[in-house]
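Subject: Structure handover

Hi,

Here is the structure I promised you. Please open it next to this email and follow along.

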Amino acid sequence: MANSGIQLLGFFLSLIGIVGLIFGTILPQWKMSAYIGDNIITAVAMYQGLWMSCAFQSTGQLQCKIYDSILQLDSSLQATRALMIVGIIVSLAGLGVACMGMKCTTCAGSDKLRKSRIAMTGGIILLVGGLCAIVACSWFAHNVIRAFYNPYTPVNTKFEFGAAIFIAWGGALLDVLGGAMLAASCPRKKHASKYPSIAGSRAGPPSSTKEYV
């Protein structure tokens with residue numbers, strides 16, 4: 001029963017993590033304009049994401065523009081987009097495999113050991129997908145920090161972390177945690193003892209005497 005509960009908890013954690021990864025990838029607030037120096041008083045807040053850049057004006061109007069060409073983008077941004085997409089696809093595949101191997105489903109027959117191994121395989125796939133997303137978010141964050149502390153970067157073009165990167169980070173961590181719980185739910189196979197039982201050793205050989213009338 002405890003093993004089934006761990007599988008359910010890991011499944012729902014991974015599901016919430018994948019939803020966070022999808023929302024984090026779509027949202028444009030991966031980095032936002034930093035209000036430092038002469039840029040403290042401004043009427044426009046700039047946001048940049050993986051797919052578009054947005055300008056939020058003080059009047060409440062939000063204007064977004066999708067990136068025109070993939071080839072004009074920075075190589076690190078292209079790699080981040082690719083890793084996030086791969087992480088989401090791999091995590092969805094791992095969630096499907098784990099669903100087939102969970103004890104509360106009947107997709108893979110009634111063999112409990114086989115189903116547990118399928119759930120463990122799904123958990124490992126979820127771990128790989130979550131790690132891809134963590135690498136993508138950490139790489140993007142490293143580039144933002146490096147550009148922020150670069151003395152040659154103009155003050156009005158410096159950015160800091162936005163809300164979307166934290167959503168993606170949280171989703172990736174939940175994905176990894178759920179995958180780890182599913183991967184650890186496989187029971188150990190019981191091995192037969194090499195030695196005879198005590199009750200069997202005490203019992204003598206079958207009697208060969210026959211009763212004659």
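Leu 8, Phe 12, Leu 15, Val 19, Phe 23 and Ile 167 make up a nonpolar patch on the surface of this predicted model. Together they expose about 510 Å² of accessible area (Shrake-Rupley method, 1.4 Å probe, with only the protein chains shown counting as cover for residues). A patch takes residues with over 30% relative accessible area and no salt bridge; nonpolar side chains (Val, Leu, Ile, Met, Phe, Trp, Tyr) are joined within 5 Å, like charges within 9 Å. A salt bridge means a side-chain nitrogen of Lys or Arg within 4 Å of a carboxyl oxygen of Asp or Glu.

Helix H1 (residues 2-26) gives the most to the patch: five residues. Phe 23 sits in H1. Helices are DSSP runs of H or I, at least four residues, numbered from the N terminus.

Now the packing. Helix H2 (residues 75-101) meets helix H3 (residues 112-148) at about 165°, with axes 7 Å apart. Axes are lines fitted to C-alpha atoms over the stretch in contact, and angles run from 0 to 180 degrees between N-to-C directions. H2 and H3 are therefore roughly antiparallel (over 145 degrees).

H3 also packs on helix H4 (residues 163-183), at about 155° and with axes 7 Å apart. So H3 and H4 are roughly antiparallel too.

Two notes on the model. It is predicted: local features need pLDDT of at least 70, side-chain atom pairs need 80 or more, and totals for chains, interfaces and linings use all residues. Residues are numbered from 1 along each chain as its sequence is written, and side-chain values use heavy atoms, without hydrogens and water.

Best wishes

Conventions:
Helices (H or I, at least four residues) and strands (E, at least two) are DSSP runs, numbered from the N terminus. Angles under 35 degrees count as roughly parallel, over 145 as roughly antiparallel, 65 to 115 as roughly perpendicular and the rest as oblique.
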